[in-house]
Amino acid sequence: MKMWAGRFRQPLDAEFERWQRSFGFDRRLLQYELAASAAHARALKNSGVVSGDELISILQGLDQIGERAAASPEFLDDDEAEDVHHFVEKHLVALIGDVGYKLHSGRSRNEQIATDLRLYVRAAIDQLRQELAELCGVFADRAEQAADAAMPAYTHLQKAEPVLVGHWLLAYVEMFLRDANRLADCRKRMNLCPLGSGAVAGATLPLDRAFMADTLGFDGPTANSIDATSDRDFALEFVNALELLALHLSRWAEEMILFSSQEFGFLSLPEAYSTGSSAMPQKKNPDLLELVRGKTGRVVGNATALVVTMKGLPLAYNKDLQETQQPVFDSADALLQMLPLVTGWMKAVEFHHDPMQKTAQSGFMNAWAAATYLVRRGVASRLAHEKVGKAVQMCLERNCELQDLPLADLQSLSPAFAQDFYEALKLESVLAIHDVPGGTAPARVRQALSTARKKISSLSEEVHARESHAQEVHAQETHAHT
């Protein structure tokens, strides 16, 4: 039986009926639909719509549906269910009889999907933040292992200045921590419960909305029934946050692809995450990295699809909103699958510190340090830049580095050059002059690593505490059912 069939005299066109069904993808919301239905059932009991015995029967029926779905995935192969809401009602009635129809008292599928999707996004955020904490921890481990090893940093993809390898790796930690914070911000803003909003104007029964919100772990009920049933801002924010996370992963993947090439030789691709060529026996291809880069396009496309779907919708619920689910699912799946693989890749990759270090000491990467030497001796910055630029030109003509120029030639450019200039050009000295918060001086990087570990630990503890609380609530709910 359709949940809306009473007003209709003719059956749906068979092809249209199949085409408009959403159960093929929204069935993944089943656990959230069951949880929200249980909260609604308790509110019905509190308002006197169902009896105590009927509540027990409904809750036990919902539990049985969840258990069957977990035990037998084929249970979800239902060609009749229009959506996850219809599926639950259909099977609940089959289990407990007409009492199952009472569950829909005072509610609408409009508020149900809005609630289910929020619960799904909230759970995905918690899982993603845990994965980010683990990934950041691996980056921090590799940064610590690199110790004082140096590498070239690039601007415009041209060698710029030497930095510590750890400093470079911690740059990604900063990106990923911002991603975790964005997800937390999204979670906080979306953690309000639409249950009790009805179809558009609010429930027709005196349901305790605060009770239902608290039961499901929300901070409170939504403030406006029209907004609650049509709002998908939380889905947009979520996928936009994932778009930025995917973008960061894609930038990381591009650098690793470049640095693994023979032209750079800064790292060796882990064989466990690479494949070969069917034609060229010598090849080892960066498949994981390329797929990370490629799948980012899908996440970006999903964010665009959501915006375009929402941009012209009048209030409140429209069937178009059914199309907002799959972009959310696809983006979450992409990142939840990707992050553990990236973590494994980072654990396995072998960095080649010798060629990194060697490259960090050639190509005039100490030129700004040379200009800084003159500035500290009273030469105006713009003039110091000019003098060192002329020294670089002299080196290019002679095919040598700055440290190879005789002092007399340097002094012909500026009398401020002295014998200690050569000491200032050494790698250790060049790194050390960047002694500011956020700089690559070894002491600053060690300090940054310590700070990053505290942030990572705090993130991990927060997610674990939330998980433990959810498990406690679930245990209490299970006890209450029995």
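Predicted model: local features only at pLDDT ≥ 70, side-chain atom pairs only at ≥ 80, totals over all residues.
1. Now for rings meeting rings. Searching the whole structure turns up 21 aromatic pairs. Take Phe16 and Trp19: their ring centres are 6.3 Å apart and their planes make an angle of 45°, so this pair is tilted. The two residues are three apart in helix H1 (residues 14–20), which puts about one helical turn between them. How accessible are they? Phe16 is partly exposed, at 38% relative accessible area, while Trp19 counts as exposed at 68%.

2. A second pair to look at is Phe139 with Phe176. This one is edge-to-face, with 5.6 Å from centre to centre and 65° between the planes. It links distant parts of the chain: Phe139 belongs to helix H6 (residues 109–146) and Phe176 to helix H7 (residues 165–190), 37 residues apart. Are these two buried or exposed? Both Phe139 and Phe176 are buried.

3. That pair also belongs to a wider group. Ring pairs join Phe139 and Phe176 with Tyr154, Trp168, Tyr172, Phe259, Phe264, Phe266 and Phe351 in a cluster. Do find Tyr154, Trp168 and Tyr172 in the viewer, as they come up again in the next point.

4. What classes of residue make up the lining of the second largest pocket? There are 12 nonpolar residues, one polar and three charged.

5. Salt bridges next: the structure holds 25 of them. One of these joins Asp78 and Lys90, whose closest N and O atoms are 2.8 Å apart. Asp78 is in the loop between helix H4 (52–71) and helix H5 (84–96), and Lys90 is in helix H5, so the bridge ties together parts that are 12 residues apart in sequence. With 9% relative accessibility Asp78 counts as buried, whereas Lys90, at 26%, counts as partly exposed.

6. Asp185 and Arg189 meet through their side chains at 2.7 Å, N to O. Both are in helix H7, four residues apart, or about one turn of the helix. Asp185 is partly exposed at 37% relative accessibility, and Arg189 is partly exposed at 46%.

7. Arg293 and Glu254 form a salt bridge too, with their closest N and O atoms 2.5 Å apart. Since Arg293 lies in helix H11 (residues 287–310) and Glu254 in helix H10, the pair ties together parts 39 residues apart in sequence. Arg293 has a relative accessible area of 33%, making it partly exposed; Glu254 is partly exposed as well, at 29%.

8. Finally, a charged network worth a look: salt bridges link Asp126, Arg129, Arg187, Glu462 and Arg466.

Note on methods. Residues numbered from 1 in each chain as written. Heavy atoms only, no water. Phe/Tyr/Trp six-rings, centres within 6.5 Å; stacked < 30°, edge-to-face > 60°. Buried < 20%, exposed > 50% of the residue type's maximum accessible area, 1.4 Å probe, protein only. Nonpolar A, V, L, I, M, F, W, Y, C, P; charged D, E, K, R; others polar. Salt bridge = Lys/Arg side-chain N within 4 Å of Asp/Glu carboxyl O.
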